[in-house]
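Subject: Structure handover

Hi,

Here is the structure for you to look over. My notes follow below it.

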Amino acid sequence: MPAARETLLEAAHAAVRTRPWSVVRMVDVAAAADVSRQTLYNEFGSKEGLGAALVSRLVENFLDGTGRAVTEACRGGADPAACCAAAAHWVLRTARAEPIVHAALTGCWGPRIPLPPGPPPPAGWDRAVREAHPAEPGRLAHVLCDRAVAGLDRATRLPVGGPRARPRGGPAAPAETARGDLLRAYEAGLRVALSYVVAPQPGPDDDPCGRVDAVVRALLAC
């Protein structure tokens, strides 16, 4: 029941935004979605299954939004460095607004939010989460970079990273070399953005996003 599944995820998301996940009850989620509790269990199996599905959905929406931010910036005339800065704006804004996305990016899970997908932890919630998912933020950073570059691909309708300008008297760099440079520059820039998620600074996002732009621009100019 795809419609019921989406409605249940929306109800679970609304619930966890107003109270800790540890006190959210399945019967209340089912009632808010106007479905039976049996339907809820048929869809997700357990409260842990519902929580993991909610985390997966929000993280996937976040990653999709990163690509869209780059695509829209590129179609608006921005160059690759400014497009990465647009992705950084999205990352910072979403991490502030959505605690589950913030937890996924930092690895700081707690009883107020659902656990990420994976085996249920043993006794000792916070310690178990730290031990079971120490590398998740690192893997997510790589996926974030890939989605951002894919956003450039969608905007141009061609794989980004064609041959560089030919140096005077020399051959053009292969397309895969240029794309590799772009991926490395974007990963460096987005990791700068992620550092502001871990250690926020007061004020608007223009300063950190300007630093992302400068880092990517400098690396692509090398």
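First, a term: a nonpolar core is a set of buried Ala, Val, Leu, Ile, Met, Phe, Trp, Tyr and Cys residues joined through side-chain atoms within 4.5 Å. Buried means under 20% relative accessible area, exposed over 50%, and partly exposed in between (1.4 Å probe, protein chains only).

Ground rules next. This is a predicted model, where local features need pLDDT of at least 70 and side-chain atom pairs count only at pLDDT 80 or more, while totals for chains, interfaces and linings use all residues. Residues are numbered from 1 along each chain as its sequence is written, and side-chain values use heavy atoms, with hydrogens and water left out.

Overall fold. The protein chain has ten helices and zero strands (DSSP runs numbered from the N terminus: helices are H or I, at least four residues; strands are E, at least two). Of its 222 residues, 45% are buried. Take the contacts (heavy atoms within 4.5 Å) with a separation of 6 or more: 67% of them join residues 24 or more positions apart.

The core. The largest nonpolar core has 63 residues. Val-29, Leu-40, Leu-50, Phe-62, Leu-105 and Tyr-186 have the most contacts inside it. Helix α4 (residues 47-75) gives the largest share, twelve residues. Domain 1 (1-45) and domain 2 (56-116 + 133-157 + 174-221) both contribute residues, so this core lies between them. The domain bounds come from an automatic or database assignment. Beyond its neighbours within four places in sequence, Tyr-186 touches Pro-80, Cys-83, Cys-84, Cys-145, Ala-148, Val-149, Leu-152 and Val-216.

Helix α6 (residues 99-106). Six of its eight residues are buried: Ile-100, Val-101, Ala-103, Ala-104, Leu-105 and Thr-106. At its start, a side-chain oxygen of Glu-98 comes to within 3.2 Å of the backbone nitrogen of Ile-100. Just after the helix, Gly-107 has a positive phi of about 80°.

Gly-76. This residue sits in the loop between α4 and α5 (80-97). Gly-76 is exposed, at 67% relative accessible area. Its C-alpha is 9.6 Å from that of Ala-155, 79 residues away in sequence.

Annotation. An unreviewed UniProt entry lists residues 25-44 as "DNA-binding region". Positions follow the numbering used here, feature names are shortened, and annotations may be inferred rather than shown by experiment. In the model, residues 25-44 are 80% helix and 0% strand, with the end C-alpha atoms 14 Å apart.

Best wishes

Note on methods. A polar contact is a pair of N or O atoms within 3.5 Å; within protein, one must be able to donate a hydrogen and the other to accept it, and residues adjacent in sequence count only if both atoms are side-chain atoms.
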